[in-house]
2 protein chains.
Amino acid sequence: MNVKTLSEEHLNALTSIVGEAHVSIKSADLDQHARDQSFHEPRRPAAVVWPVSTEQVSAVLKLANQQLIPVTPWGAGTSLEGNPIPVCGGIVLNLSRMNQILEVRVADFQVDVQPGVLYKDMNARLARSGLFFAPDPGANASIGGMIANNAAGTRTPKYGATRENVLRLELVTASGEIIQTGCHSVKSASGYDLVHLFIGSEGTLGVVTQATLKLAPVPEKFSAVIASFETIAGAAQAVSSVMGCGVMPVAMEFLDVTTVRAFNSAGGIQFPEQPTLLMEFHSAAEAGLQAELELVRELCDAEGCMAFQSGLGREERDRLWSVRHQAYEILVRNNPGHAFLIVDVAVPISRFPELVAAVEQALARRNLSAPIVGHAGDGNLHTLIPYTPGDATSQMLAHVADAEMVEAAIALNGTATGEHGVGIGKRQFMAREHGSSLALMRAIKNALDPNGILNPGKIFEETVFSDR
Amino acid sequence: MNVKTLSEEHLNALTSIVGEAHVSIKSADLDQHARDQSFHEPRRPAAVVWPVSTEQVSAVLKLANQQLIPVTPWGAGTSLEGNPIPVCGGIVLNLSRMNQILEVRVADFQVDVQPGVLYKDMNARLARSGLFFAPDPGANASIGGMIANNAAGTRTPKYGATRENVLRLELVTASGEIIQTGCHSVKSASGYDLVHLFIGSEGTLGVVTQATLKLAPVPEKFSAVIASFETIAGAAQAVSSVMGCGVMPVAMEFLDVTTVRAFNSAGGIQFPEQPTLLMEFHSAAEAGLQAELELVRELCDAEGCMAFQSGLGREERDRLWSVRHQAYEILVRNNPGHAFLIVDVAVPISRFPELVAAVEQALARRNLSAPIVGHAGDGNLHTLIPYTPGDATSQMLAHVADAEMVEAAIALNGTATGEHGVGIGKRQFMAREHGSSLALMRAIKNALDPNGILNPGKIFEETVFSDR
C-alpha cells in the first residue's frame with residue numbers, strides 16, 4: 001500500500017466532507033506533514049485533511065476504509081520515533097483544529113478536551129482552577145498525540161504516564177463508527193478496558209476525538225532538590241533508597257557529568273560537575289515538606305552525596321526544569337553540525353546501574369561520546385547519540401549503538417521504549433520484546449482495522465493488513 | 001452450550017494431563033464450585049480440575065478448545081457477581097494449587113506470584129520485606145481472581161485498584177498458547193497494552209498463570225481518622241474538599257447512620273451515631289503526617305464536622321478496618337433470616353450526593369431499609385439490600401431496587417460496577433453503559449476466543465460464541 005496521490009474524485013469527496021479550507025495537497029503542507037521531530041526519513045502524504053468535528057473524522061474514515069486509503073492521525077508533530085510519518089502516503093488527518101477545552105469539572109478533577117489541544121496551553125488555562133494534567137513530555141505535544149504514544153516525562157513517579165491519567169475516550173474506528181469508552185467514574189470494573197488498549201496504540205486502532213483527563217491539584221508546597229554524588233553507583237543507589245522510603249518524589253532525574261556540563265554551559269543554573277539527581281517534591285503543608293526533605297537528605301548522604309541543595313524558590317525551580325526540558329536544544333546548540341538520535345529505554349530500577357554500564361560500553365566500543373540523562377525514578381534512560389546528518393556511516397553507527405542499548409534493556413527485563421512509542425524506530429524489536437503476545441496484538445489490529453488503513457507501517461514491521 | 005457431564009474419554013484425557021489427584025467429579029467438589037459468595041443461582045460444573053503448572057493449564061485449554069468444552073477459571077470463590085459460576089457447565093479450572101510466591105524483588109518493589117496465592121497470605125509474607133500489595137477486597141481473594149475482576153477496596157484513592165498495580169502477566173490463551181505480556185519496567189510505551197486488556201476481563205480472554213505485581217512500602221507513619229458530620233451533605237462535601245487538598249488519603253469511606261449503628265453493635269469501637277467519614281493517611285514522617293491531619297481537620301470542620309478523632313494507635317486502627325471489612329458479616333448477624341444483595345456502583349465524586357439521594361429514594365419507594373457504605377474517595381457506593389432467601393417476591397424487590405440504582409449511576413456518568421465486576425449480575429447493563437463500544441469488546445472476544453470456551457455467559461448477555 002502506497003498511495004502517493006489521490007484521485008480527483010477522492011479529493012472532491014474529502015472537500016465535500018470538511019470544506020475546501022480544510023483539505024490541502026500543497027507541497028508546503030505535504031512537506032510539513034512528512035516528518036516529526038525524529039531522525040526518521042520524511043515521507044509525504046497524498047493530502048492533509050483538518051477535520052473540525054467528530055462527524056467529519058467519521059466521514060473521512062468511512063471514505064478511506066471503503067477506498068483503502070491509508071490514514072495517519074497527526075497531533076502536533078512533536079513525536080520522536082516517526083509515529084505520525086505517513087509511510088504509506090494517503091491522508092494525514094491533522095487534528096489541530098479540534099482544539100477546544102470542552103468542560104473543566106473542578107470538583108471531580110477532570111477535564112474534557114478535544115485531541116488537538118496542546119498540553120502546555122491546557123495547563124496554563126487549568127492553572128486558574130488550581131489543577132493540572134501531570135504527564136509532561138518536553139515538547140508542547142497535543143493531548144491526542146500524548147494519548148496515542150502514552151507520553152510521559154519527568155513527573156511519572158508520582159503521577160504516572162498518560163496511561164494513568166485518562167478516564168474516557170471518544171473514538172472513531174477504522175470503519176468510521178463513533179464510540180465512547182470508559183466513564184467519568186475513576187473506579188470501574190465494567191467490561192474490557194478499551195481505554196488502556198487505545199492509549200499507546202499510536203493511531204493504529206482508532207482516532208481519538210475527545211478525551212476525559214484526570215487532573216491533579218496544583219501543590220501548595222513544592223521543593224526542587226539538586227543532589228550531587230561522588231559516583232554514578234552512589235546516585236543509582238540513592239534512587240532506590242528514596243523511591244522506597246514512602247515519600248514519593250514527583251520527579252527523580254539522573255544527569256551524568258556530560259549533561260551537567262551542558263546544562264551549566266546554558267547558563268542560569270550552576271550544578272557541581274558530578275553525577276546528579278534532580279528531584280522534586282510536592283506537599284500540601286510546609287511542615288510535611290520539610291520532614292520529607294530531611295528524610296531524603298539522610299538517604300542521599302548515606303550514598304555519598306557531596307552537595308544537597310533543596311528549598312529552591314519557584315523561579316529557580318522553574319528555571320531548573322526549563323533547562324532539563326531543553327536538554328536536546330542545548331546539545332544541538334553546543335554541537336553545531338550534529339544531530340542526535342535519542343535512545344529511550346527503560347528497565348526495573350534495580351537494573352538501572354547495569355543499564356547505565358551497558359550504555360557506556362556501547363558508546364565506548366564505538367568511540368562515541370553521548371550524554372546520559374534519565375527519568376531514573378522509573379528506570380527510563382535517554383542517551384543522545386550524536387551523528388552527522390548526511391553522513392551514512394555516522395548515522396549507521398548511531399543506529400547500531402541504539403540497537404545494542406535496546407537489546408540490553410530488554411535483556412534486563414525492560415522495554416524498547418519507555419515513553420516515545422514504537423513508531424518506525426522500534427518495530428524491529430517488538431518480536432524480541434513481546435514474543436508470542438505480538439501475535440495477539442496483530443489479532444486485535446486485524447479485528448479492529450481489517451483493511452489496515454490506520455497508520456500502516458507502525459508498531460508492526462510488516463504492513464500485512466494492507467494488501468487486500 | 002451446556003456441558004453437564006464429560007465423557008469417559010475427556011475425563012481420561014484430563015487425568016492424563018494433571019494426574020488423578022487433581023481431577024474430580026465428586027458431588028461435594030462440584031457443589032463447592034457451583035457458587036461464589038453472591039446470591040446468584042448455583043450451577044455445577046461437569047468436573048473440577050486443579051492444575052499445578054502453566055503447562056498443565058495449556059494442555060487442559062488445548063483439549064477444551066478442540067472438544068468445545070467450557071472452561072471457567074476459579075480463584076478463591078470470593079467474588080460477588082457470580083463471576084466464576086460455571087453457567088455452561090464444563091470444566092472449572094481451580095488455580096488454588098498454583099499458589100507459590102516465586103520471587104520478591106525488594107529493590108524494585110515487585111513480586112512474581114502464581115494466581116492461586118491469597119492476597120492476605122501474600123501480604124503477611126511481604127511484610128517481612130517492608131512491602132505490601134495495596135488493593136484490598138474484604139475477603140481473602142486470590143491474586144488471579146483479583147486480576148480477573150480488577151478488584152479494589154478501601155485503599156484505592158492513594159494506591160489504585162488492581163489495574164494500577166500489575167506490571168506483567170503470563171497467560172494461557174483459549175487455544176492453549178502460553179504468552180507473556182508487559183514487563184518488569186514500570187514505564188513502557190511498547191505495543192498494545194494487553195496487560196490492562198486482560199485485567200478485569202473475568203477469565204473470558206485467557207487464564208492468568210503468573211503475575212508481576214507492583215508493591216508499596218509499608219508506611220512509617222499512619223493515622224486513621226473518624227470524622228462525624230451533622231449531615232450527609234456535609235460529609236459528601238468534605239470528601240470533595242479533602243480529595244482536592246493535595247493530601248491523598250489512603251482510604252476515604254462513607255458510612256451512613258444505619259451502618260454506624262451496626263458497627264457499634266459489633267462492639268470494639270463506638271462511633272457517634274452520625275454520617276461518618278472513615279479515613280486513613282500514610283506518611284514517611286511524623287511531622288508530615290501531623291501537618292496533613294491538621295489540614296484535613298480544618299476542611300472537615302468547615303463542612304460541619306462534629307467530632308474528629310485522629311491519631312488512633314495501630315491496634316485501634318486495625319480494629320477499625322477489621323470492623324469495616326466485616327460490614328457484611330455484621331449485617332448478616334444482626335438480621336437473622338435475611339440475605340443481602342450487595343449493590344456496587346460508582347460515579348464521579350461530585351455526583352456522589354446525587355447517587356446517595358437516588359439510592360435512598362429507590363429504597364424508600366419499596367419500603368426497604370438498607371445501610372449505605374461507600375468508598376466515597378473514588379465515588380464507589382455499596383448498599384446492602386436485605387431479602388428473605390426463598391421468598392421470590394422479596395428477592396425480586398431487591399433486584400429491582402438494585403437495577404434502579406445501577407441505572408441512576410450510569411445516568412450520573414458512572415458505572416454499573418466499581419469493583420465487583422460484571423459476572424452474571426451486571427450483564428444486562430453493559431449495552432446501556434458501553435453503547436457501541438460493546439461491539440468492540442465482542443470483536444476482541446471473538447478474535448481471542450473464537451470458540452467461546454472461556455467463562456461463557458459472563459460480561460456479555462448472550463453466549464453467542466458457543467454454538468459453533
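Author: Start with contact, which means heavy atoms within 4.5 Å. Leaving aside its neighbours within four places in sequence, Ser58(A) is in contact with Val172(A), Gly176(A) and Ile178(A). This is a predicted model: local features need pLDDT of at least 70, side-chain atom pairs count only at pLDDT 80 or more, and totals for chains, interfaces and linings use all residues. Residues are numbered from 1 along each chain as its sequence is written, chains are lettered from A and ligands numbered from 1 in the order written, and side-chain values use heavy atoms, with hydrogens and water left out.

Reader: Why does Ser58(A) count as buried?

Author: Buried means under 20% relative accessible area, exposed over 50%, partly exposed in between (1.4 Å probe, protein chains only). Ser58(A) has 6% relative accessibility, so Ser58(A) counts as buried. Ser58(A) sits in helix 3 (residues 54-67) of chain A. Helices here are DSSP runs of H or I, at least four residues, and strands are runs of E, at least two, numbered from the N terminus.

Reader: How far is the backbone oxygen of Gly176(A) from a polar atom of the Ser58(A) side chain?

Author: The distance is 2.6 Å.

Reader: What makes helix 1 and helix 3 of chain A roughly antiparallel?

Author: Their axes come within 9 Å and cross at roughly 165°. That angle makes helix 1 of chain A roughly antiparallel to helix 3 of chain A. The cut-offs: under 35 degrees is roughly parallel, over 145 roughly antiparallel, 65 to 115 roughly perpendicular, and the rest oblique.

Reader: Which residues of the two helices meet?

Author: His10(A), Ala13(A), Leu14(A), Ile17(A) and Val18(A) in helix 1 of chain A meet Gln56(A), Ala59(A), Val60(A), Leu63(A) and Gln67(A) in helix 3 of chain A. They divide into 7 nonpolar, 3 polar and no charged. Ala, Val, Leu, Ile, Met, Phe, Trp, Tyr, Cys and Pro count as nonpolar, Asp, Glu, Lys and Arg as charged, and the others, Gly among them, as polar.

Reader: What makes the phi of Asn150(A) worth a remark?

Author: Most residues other than glycine have a negative phi. Phi of Asn150(A) is near 45°, a positive value in a residue other than glycine. Asn455(A) is not a glycine either, and has a positive phi of about 40°.

Reader: Are Asn150(A) and Thr276(A) buried or exposed?

Author: Asn150(A) has a relative accessible area of 2%, so Asn150(A) is buried. Thr276(A) has 0%, so Thr276(A) is buried. Thr276(A) lies in strand 14 (residues 276-283) of chain A.

Conventions. A polar contact is a pair of N or O atoms within 3.5 Å; within protein, one must be able to donate a hydrogen and the other to accept it, and residues adjacent in sequence count only if both atoms are side-chain atoms. Axes are lines fitted to C-alpha atoms, for helices over the stretch in contact, and angles run from 0 to 180 degrees between N-to-C directions.
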